[in-house]
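Dear colleague,

I am handing over the structure we spoke about, and below it you will find my notes on what turned up when I went through it. Please read them with the model open beside you.

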Amino acid sequence: MEKNKKLHIGLIFGGNSSEYDVSKRSAHNIYDAMDKDRYDVSLFLMTKDGYFLDHEASSRVFDGEPEDEVAKQELSKLDTRNPLAPILNLGEAADIDVFFPIIHGNLGEDGTIQGLLRLLHKPYVGTGILGSAMSFDKDITKKIVKLAGVPTTRYEVVTPLTAEQFSYQSLSDKLGRTLFIKPANQGSSVGIHKVENEAEYSEGLRDAFRYDNKVLIEEAIEGPEELEISILGNDHPIASKIGAIKVPASDAFYTYDNKFVDASQVQFDVPVDISDELAQKITEMGLTTYRALGLKGMARIDYLVSKDDQPYMSEVNTLPGFTNISLYPQLFAASGISYSELIDRLVQLAIDEFERQTKILYDFKPLPPKDQTIDKN
C-alpha cells in the first residue's frame, strides 16, 4: 500500500442472519469512528436475502430509508437468474483498498464472506476462512481449544438424526440437572435455552433445531460469573483488560434482549475487579485460544467462571459487536486504545495479513502433453 495515501474502505454490513440489526448498529459506530482524513468509505449492504446493494442504495438505508423498499427497488434491476446476481454490485469494489466486514453470524463469521473477499483478492479485516469457520462452530471450537489445554464445559452434540438417542434423563445423569441447549452455529444467544426437566428439554431442543442442525447440550456452571476479554493482532496478539457482565437475577443467562433490546438492567464492569491470578489465567487462556484457532485481526472470547475461580472458555466471536454497549471496543478503551485507534490498527492488520498471504507460493509443475509418452526407463 502506498504510504500517506487516503485508504478506500469498503464497509460491509447487514447480512442473512439473526444478528442483522446488530450488524447495522455496529456499522454506524465503526463509520463514525473512522478518521475521514485517513479514509474514504463506501458502504455495501447485504440484504436479508443475501444480495449486495451498491454504495448509493446502501447509503440510503444507512441514513434511515426503509430498507425493504430500497432493496425491492434495487433488486428489480437485477436479473436474479444470473448466479452472480447476489454479488454483482461488488463490481464497484475495484478501487477498494481494504474491506471491513461487520456481518455477524451466518455468512459473516462462518468463513463465507472471507472466501468471497479472498477471491476478489482484497485485504479484509478479521480472521481468514478456516479460523472463522472453526470459531463459528461451538463444537469445533471446544474440540480445538481442549486440545490446546484450555478448559471448557462438558457437552454432548445432538442432531436431528441422533436426537432419539438422547433423553433429558440420560444427559442430566452425565452433565447435571441443569443443562443449556445451544445451536452450534448461531450467536447472540439465539436459540439458547436453560432446561431442568424433560418438557423444557424437548421444547428447547425443538426450538434450537430451527436455527441449526447441530445442537450442543452443555453442562451448567453453578453461579457463574460471565467474563470477557478482547484480543487484537495477527502473529503477535495482545489482550485487553477483562470485563464482566452481570444480568438480572431473574434472567437465566445473557439473552438477546439483554444484549440489544433492553440492556438497562445489565451491569458492565469494565475493567472488572478480579484477582491478579484469575486475570492472568484468563489472559493466557485467551491468547492460547486465539493462536490455536489461527485467528487474525480481532476476537472477543467469553468465559464462565465458577465459584472456586475456575474459568471455562465459553465462546469465541471473530467479528464481535461494535454497538454502543459492545464490550470488544469498551475493553480496549479501558486498556488505553481508543475506538478510532482500534479501527486504524484493525485496518493495518488486514493489510499486513494480506501482504503476508501474497508472498506464499502456489507454483505448480506442468504435466507433459496428453499424447506425449513418458519413458519410465
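Why can strand β12 (residues 311-317) be called largely enclosed by the rest of the structure? Before I answer, please keep in mind that this is a predicted model. The reason lies in burial: 6 of the 7 residues of β12 are buried, so the strand is largely enclosed by the rest of the structure.

The sheet around β12

Strand β12 belongs to an open sheet of 5 strands, which follow one another in the order β10-β9-β8-β11-β12 with antiparallel pairing. Because β10 (267-269) and β12 stand at the edges with a single partner strand each, one side of each is left without a neighbour in the sheet. From one strand to the next, the twist averages 25°.

The partner of β12 is strand β11 (residues 297-305), and the two pair in the antiparallel sense over 6 bridges, with Y303 standing opposite M313 in β12. In the hairpin that β11 and β12 make, 5 residues lie between the strands, and D309 takes a positive phi near 65°.

Helix α12 (residues 339-358) lies across β8, β9 and β11, and runs at about 55° to β8.

The loop between α3 and β3

Two further points concern the loop between α3 (67-75) and β3 (98-101), which is where L84 is placed. L84, I87 and L88 form a nonpolar patch on the surface, and together they have about 240 Å² of accessible area. N89 is found in the loop between α3 and β3 as well, and this residue is buried, with a relative accessible area of 17%, which falls under the 20% cut-off for burial. Leaving aside residues up to four places away in sequence, N89 touches F44, F52, L53 and D54.

With best wishes

Methods: Residues numbered from 1 in each chain as written. Predicted model: local features only at pLDDT ≥ 70, side-chain atom pairs only at ≥ 80, totals over all residues. Heavy atoms only, no water. Patch = residues over 30% accessible without salt bridge, like charges linked within 9 Å, V, L, I, M, F, W, Y side chains within 5 Å. Areas by Shrake-Rupley, 256 points an atom, 1.4 Å probe, with all protein chains shown as cover. Salt bridge = Lys/Arg side-chain N within 4 Å of Asp/Glu carboxyl O. Helix = DSSP H or I, 4+ residues; strand = E, 2+ residues; numbered from the N terminus. Buried < 20%, exposed > 50% of the residue type's maximum accessible area, 1.4 Å probe, protein only. Pairing = 2+ DSSP bridges. Contact = heavy atoms within 4.5 Å. Axes fitted to C-alpha atoms, helices over the stretch in contact; angles between N-to-C directions.
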